[in-house]
Amino acid sequence: MVTLNINGKVHEIDIEPDTPLLWVIREQIGLTGTKYGCGIAQCGACSVHLDGAVVRSCSIRVGDLQPTVRIVTIEGLSDTSSHPVQRAWAELDVPQCGYCQSGQIMAAAALLAQTQRPTDEQIDAAMTNVCRCGTYQRIRAAVNLAADLA
Amino acid sequence: MKTSAGREADVSRRTFVVGSAAAGGGLALGLNTYAARSAQAQNAAEGPAEINAWVLIKPDDTCVIRIARSEMGQGTRTGLAQLVAEELECDWKKVTTESITPGQNLARKRVWGEMGTGGSRGIRTSQDYVRRAGAAARMMLLQAAASEWNVPVGELTVVDGVIAHGPSNRTTSYGKVAAAAAKLPPPDPKSIVLKNPKDWKIAGQAVKRLDTADKLNGSKVFAIDVKLPGMLCAAIKDCPVFGGKVKGYDESKILSRSGVRRVMHVNDTAVAVVADTWWRAKSALDALPIEWDDSGNAAKSSATIAELLTDGLAATRTNGEVQNGDALAAIASAAKRLEAVYRTPFLAHATMEPMNCTAKISAEKAEVWVATQNSEASLAALSQSSGLPLNRCEVYRHDLGGGFGRRGGAQDYVHQAVAIAKEFPGIPVKMIWSREEDMAHDFYRPISQCRMSAGLDEAGNLVGLHVRVSGQSINAFSNQGAIASGKDMRQLQGLYAEPGDAQLGYSVPNLLIEYVMRNTHVPVGPWRGVNTNQNAVYLECFIEEVARAAGKDSVEFRRALMADHPKHLGVLEAVAAKADWGKPLPPGVHRGVAQFMGYGSYSAAVAEVSIDPAGKLKVHRMVLALNCGHAVNPGQIAAQIEGSVAYGLTATLYGECTVENGRMKQVNFDTYEIMRLAEMPKVETVIVPTYDFWGGVGEPTISVVAPAVLNAIFDATGKPVRSLPLKNVKLV
């Protein structure tokens, strides 16, 4: 049995402790906004926040998480897509297919929580998620816009 | 595998032929069949009234526009809705869209025409009939108001879905007259007059996409996210050696694992584990000992494949030619001769959403939930694999988490999911490929080599050009009917003599372009931009070598060959102007240029790069010009061009699938590297529509990305790069 605090709600889950957090979020909790992309922490499609820091949930075993850790997924970022990052993404029409964007938004939100007005270099260093549609130019602009909106 | 892929292609070809016919008379069909339906629609209180197959109006004036093509990020859903709304004269703020299913299309005699979405065709091959549908609906709505008020329809005006009769100072709205309009006969198709695109107010504008909101909060349901009552999940592993089979496996090792329901063969070549969750299925499959029969292909490697292609460079028999004059003689007697051999590798699509499909099969009905670029090919695959007739099959299509050509005609994942779900009658089974499976079993961009030869006269004029492409054929793998008398022109895409689609932009007095087919055991298929990508590298990098050998400026040398190709030249001039071609750059920064045509559109690019003393390349800025004839949504065209830079640059910098022991070596993003944000150059887009044709948008500009960058590197180092990707090339 594993205890997880996801988006402010405590879940008791009967699951093998070596199951990746990503798959518990998707299959046991049923929140599918967090995506599977590679399973080896390369692409960032599965990005979520653990106590505010962005992590790649495909490579974290639920058995290694303390019950007190606050896990936030894209569904828990805001109630009405009102987080500055979500507003900036909407304003600049960032997504194309959209599959990687949950992870991109979670990475950007964590960056801005830590660094109110990141430099280009800080954006480069923090935004390492893969987007195959190639929305990178708009992501960069939207991170800057989100800093304005925050 | 080949045989079945061929059959699938046959099915999609047949449907394409039917689709093309329907496109020609599509509206007539639509307007003849809508009437019975719209009567039904009105019976539903407060429901939308179906004015015709494409347009539904709700009492609150909401306008529902039906979309037949697939959305995979390219913005077609929004663009098609803009075209319908433009003619409909509705309020854009009240437009929503609805995806039709291939089962509905079939049931209504393909009233929505072709659903396949590839080859940058989504808008250009449906623009005429969707605009006509919008116009016909407007005419019916106006007629309904005119009849109600008993005034001549010619006295009515409409703005944003509000109909006005000036003389009597009355107004009504589309929502109020929709029910009456739906009962009217459709207008005579000959009476429909489409707007001049120069008068567009909704189309032609950079309106925002209609499908962004649910991509921002995790609520969008991709096919991989489908949840159905009682659903099981399957993980699958196909023989890693292409062409191989399953010899055996020891299921006793995993059957006792938690959640595991079954271990099974799938179509002789694959093994699947079905469990209550995908993670349990996947980890059980990873723990399953499987013995494979490699069918003799394990000795094949990138080295043996390279030999095969090199052999093609010298072969006497060719499989497709473009020719004028006598290139070989002209080059042999030229004052200056050049020759170079170029190479490009296999590439995987690597869509962010791995292949997946959910299937539910019973004796009465077969259903799949799937991301597909060709819903009707999915329907055909479902029918074929389930054994149920088409009218008992349905495909619930989900917007794609990336397509890039991978999710087109082949539908291999649908066949697999159906084969698995057949073992669980009435129970939905969701099959998901791991990333490793996705990259080990792609239909790869075909590998090729190209020998280029040219002759210059004493004044530095190009007198002869010989292009010989030796490589694998997509048609030979999946569409053999397109090869006539051993000739397969598709591999020469972008080098054609004929105008209209993918024409060579240069006039050369003596020209010989040849394709030599050399097929491997690796499955190949269309990869965003298809053969324009490789051919643009070969042509545009070699033209650069020739220009430099002639001692001429890169743009000037090209311009001199393009007098007969004003549209090719137009984008070259546009990109040169925007990129300040010829003007000084900061120290250490170098420019390169390229132009090419594909998918009915004209593209050109200028890249600005620098190389540090350690040999590390930085692409600072790319300017791209596109003439796609009509620009339906300039904002989304810019997005496609920006995206094509990322897709094209990834291939240029990193993209390579190598074969070892008969299988692909790169099976995840740690070895198949993808460009990240830090490497994204500043992209500037110049859209230069000439309003006299309809060209594609999703693919054309990728082709010019690699050659522009390679030509800038050539300018920086003085050495041409002739082999991709750059990660294997020492720049200093």
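Trainee: What percentage of the 732 residues of chain B count as buried?

Mentor: This is a predicted model, in which local features need pLDDT of at least 70 and side-chain atom pairs count only at pLDDT 80 or more, while totals for chains, interfaces and linings use all residues. Residues are numbered from 1 along each chain as its sequence is written, whereas chains are lettered from A and ligands numbered from 1 in the order in which they are written. A residue is buried if 20 or more other C-beta atoms, placed from the backbone, lie within 10 Å of its own, exposed if there are 12 or fewer, and partly exposed in between. By that count, the buried part of the 732 residues of chain B is 58%.

Trainee: What is the radius of gyration of chain B?

Mentor: Along the principal axes, the C-alpha atoms of chain B fill a box of roughly 80 × 75 × 50 Å. The radius of gyration is taken over C-alpha atoms, and the globule rule is 2.2 Å times the number of residues to the power 0.38. For 732 residues a compact globule would come near 27 Å, and chain B agrees with this, having 27 Å.

Trainee: How many helices and strands does chain B have?

Mentor: Helices (H or I, at least four residues) and strands (E, at least two) are DSSP runs, numbered from the N terminus. On that basis, the secondary structure of chain B comes to 18 helices and 27 strands.

Trainee: How many of the 16 residues of helix 18 of chain B are buried?

Mentor: Helix 18 of chain B reaches 24 Å from its first C-alpha to its last, close to the 22 Å expected. The expected span is 1.5 Å times one less than the number of residues in the helix. Helix 18 of chain B is largely enclosed by the rest of the structure, because its buried residues number 14 of the 16.

Trainee: Which helix supplies the largest share of the side of domain 1 of chain B that touches domain 2 of chain B?

Mentor: An automatic or database domain assignment divides chain B into domain 1 (2-215), domain 2 (223-295 + 355-432) and domain 3 (302-347 + 444-728). With contact meaning C-beta atoms, placed from the backbone, within 7 Å, domain 1 contributes 19 residues and domain 2 contributes 25 residues. Helix 1 (2-24) and helix 4 (102-107) of chain B each supply at least two residues of the domain 1 side. The largest share, six residues, belongs to helix 1 of chain B.

Trainee: Which helix of chain A supplies the largest share of the side that touches chain B?

Mentor: The contact takes 47 residues from chain A and 46 residues from chain B. Helix 1 (21-29), helix 2 (84-91), helix 3 (101-114) and helix 5 (136-149) of chain A each supply at least two residues of the chain A side. The largest share, four residues, comes from helix 5 of chain A.

Trainee: What pattern does chain A follow along its sequence?

Mentor: Chain A has five helices and five strands. Read along the sequence, their pattern is β-β-α-β-β-β-α-α-α-α.

Trainee: Is A:D51 buried or exposed?

Mentor: A:D51 lies in the loop between strand 3 (47-50) and strand 4 (53-56) of chain A. Its phi is positive, about 50 degrees, although A:D51 is not a glycine. Because A:D51 has 12 C-beta neighbours inside 10 Å, it counts as exposed.

Trainee: Is A:D93 buried or exposed?

Mentor: A:D93 is found in the loop between helix 2 and helix 3 of chain A, and its phi is positive, near 50 degrees. Because A:D93 has 21 C-beta neighbours inside 10 Å, it counts as buried.

Key. Contact = placed C-beta atoms within 7 Å.
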